[in-house]
Amino acid sequence: MKVVVTGGAGFIGGNFVHYMLNKYSDYKIICLDALTYAGNMDTLTNIMNNKNFKFIKGDISDRKLVYNLFEDEKPDIIVNFAAESHVDRSIENPEIFLKNNIIGTSVLMDACIKYGVTRYHQVSTDEVYGDLPLNRPDLLFTEETPIRTSSPYSSSKASADLIVQAYHKTYGLPVTISRCSNNYGPYHFPEKLIPLMIVNAINDKPLPIYGTGENVRDWLYVKDHCSAIDLIIHNGRVGEVYNIGGHNERTNLQVVETIIKEIGKGKIIFVEDRKGHDMRYAIDSTKIHNELGWLPTTAFDEGIKKTIKWYIDNKPWWENIINGEYQNYYEKMYGK
Ligand code: NAD
Ligand code: TYD
């Protein structure tokens, strides 16, 4: 089996590449990644010499390059992680989200139709469902929840999902879509809440919480996300959407306080709230449990300890990031 993983130099894609190479010794994994600011070859260093792995630098919206790749490699399965993924950046500069997340997805699917694949899998997000109120803990996102996006990021992901469903209905492309809650774990770019707070606490920098910190996210350890996608691409029903969630709801304040407690230091500061800030995300993953037997195996208290340990043990990985171009973004966002 030959699997093309797009965005495999990023956080979840990188974890997925490692997961697949470990699990399937007879699979060839090809990573296609444009190496944007979020792509990091250091995430792939220890597998670059693996005979079952190949890295190709390229943009999923580059039709010629994508077609050449399909022509040369004739992949069976495509798993599309490649995307601009940060809400705050989408508020600053929406356009690149439209190009990478929507056009890029359509180019990949055109290639799938032209060359034929057994499965195209789109990695989407629970953010396409908008948000839930804090005073209704009984409410969860199901696959039937209407699309109701908030940010340019979530709107671009929802648009991509609709195009994927259209390619299934119109051209019969064998697609699946997964919509996942917030991931955390190794190789997470330190602009997102959990890695940013870990790195700042270690470096004695303030921990900036937007607004009052009451917003709730449902945290999923990244390896559990990988195992869910593995099940969907092999056994999921074509044309279906599967929600993936951690059953680990926490307020941002609770998350940051846990990190401070584990690291033994860290000073919270409350900063201006994000524009259009979603209050609460929470996933009902009954469908993937009933159909494919998937359940998350890592509780938040265990996952956060493992994650903090990884960041302590792998300082050079994130020091290279925070000492580079990312510094300019950080100054712009948090400087004042
Ligand atoms: P990330 O930002 O860490 O990584 C994205 C990767 O995609 C990078 O390696 C980048 O270089 C690459 N990329 C971006 N645009 C590209 C393009 N046009 N062509 C080729 N490569 C390109 O993102 P992540 O957190 O790993 O998220 C991966 C996917 O999962 C995204 O589609 C995101 O929407 C989705 N998702 C993420 C989360 C989360 O909590 N991080 C939750 C649900 C869904
Ligand atoms: P983030 O990791 O950006 O993921 P998403 O916006 O996709 O959920 O943010 C998670 C939560 O943490 C979100 O409610 C915004 C908040 N947040 C902060 O309070 N401070 C920060 O510096 C960042 C990056 C996020």
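Let me start with a contact: Asn-182 has a polar side-chain atom 2.9 Å from an oxygen atom of ligand 2. That makes it a polar contact, meaning a pair of N or O atoms within 3.5 Å; within protein, one must be able to donate a hydrogen and the other to accept it, and residues adjacent in sequence count only if both atoms are side-chain atoms.

Before I go on, a word on what you're looking at. This is a predicted model, where local features need pLDDT of at least 70 and side-chain atom pairs count only at pLDDT 80 or more, while totals for chains, interfaces and linings use all residues. Residues are numbered from 1 along each chain as its sequence is written, chains are lettered from A and ligands numbered from 1 in the order in which they are written, and side-chain values use heavy atoms, with hydrogens and water left out.

OK, back to ligand 2. Asn-252 also puts a polar side-chain atom 2.9 Å from an oxygen of this ligand. Tyr-210 does it with the backbone instead: an N or O atom there lies 2.8 Å from a ligand oxygen. On its own, ligand 2 has 520 Å² of accessible area, and the protein covers 97% of it. Those areas come from the Shrake-Rupley method with a 1.4 Å probe, and for residues only the protein chains shown count as cover.

Who is standing around ligand 2? There are 19 residues, and the nearest are Glu-127, Arg-217, Arg-274, His-277 and Tyr-334. To be counted, a residue needs a heavy atom within 4 Å of the ligand. By type, that shell splits into nine nonpolar, five polar and five charged residues. For the record, Ala, Val, Leu, Ile, Met, Phe, Trp, Tyr, Cys and Pro go down as nonpolar, Asp, Glu, Lys and Arg as charged, and the others, Gly among them, as polar. Helix α6 (193-202) and strand β8 (207-210) each supply at least two residues of this shell. Helices here are DSSP runs (H or I, at least four residues), strands likewise (E, at least two), numbered from the N terminus.

Now over to ligand 1. Its shell holds 28 residues, with Ile-12, Asp-33, Ser-85, Tyr-153 and Lys-157 the closest. Sorted by type, they come out as 13 nonpolar, twelve polar and three charged. The backbone has a hand in this site: a polar backbone atom of Phe-11 is 3.1 Å from a ligand oxygen, a backbone N or O of Thr-36 is at 3.0 Å from one, and for Gly-39 that figure is 3.5 Å. Alone, ligand 1 exposes 840 Å², and the protein buries 96% of that. The elements giving two or more residues to the shell are α1, β5 (119-125) and α5 (152-171). And which one gives the largest share? That's β5, with three residues.

Next up, salt bridges. Side chains of opposite charge can pair when their charged atoms come close. The cut-off is a side-chain nitrogen of Lys or Arg within 4 Å of a carboxyl oxygen of Asp or Glu, and the structure holds 19 of these.

Buried means under 20% relative accessible area, exposed over 50%, and partly exposed in between (1.4 Å probe, protein chains only).

Then there's Glu-262 with Lys-305, at 4.0 Å. Within it, Glu-240 and Arg-237 have their closest N and O atoms 3.6 Å apart.

Last bit: backbone angles. Most residues other than glycine have a negative phi. Tyr-187 has a positive one, near 65°, and sits in the loop between β7 (183-184) and α6. Asp-204 is another non-glycine with a positive phi, about 55°, in the loop between α6 and β8. Tyr-187 is buried, at 15% relative accessible area, whereas Asp-204 is exposed, at 60%.
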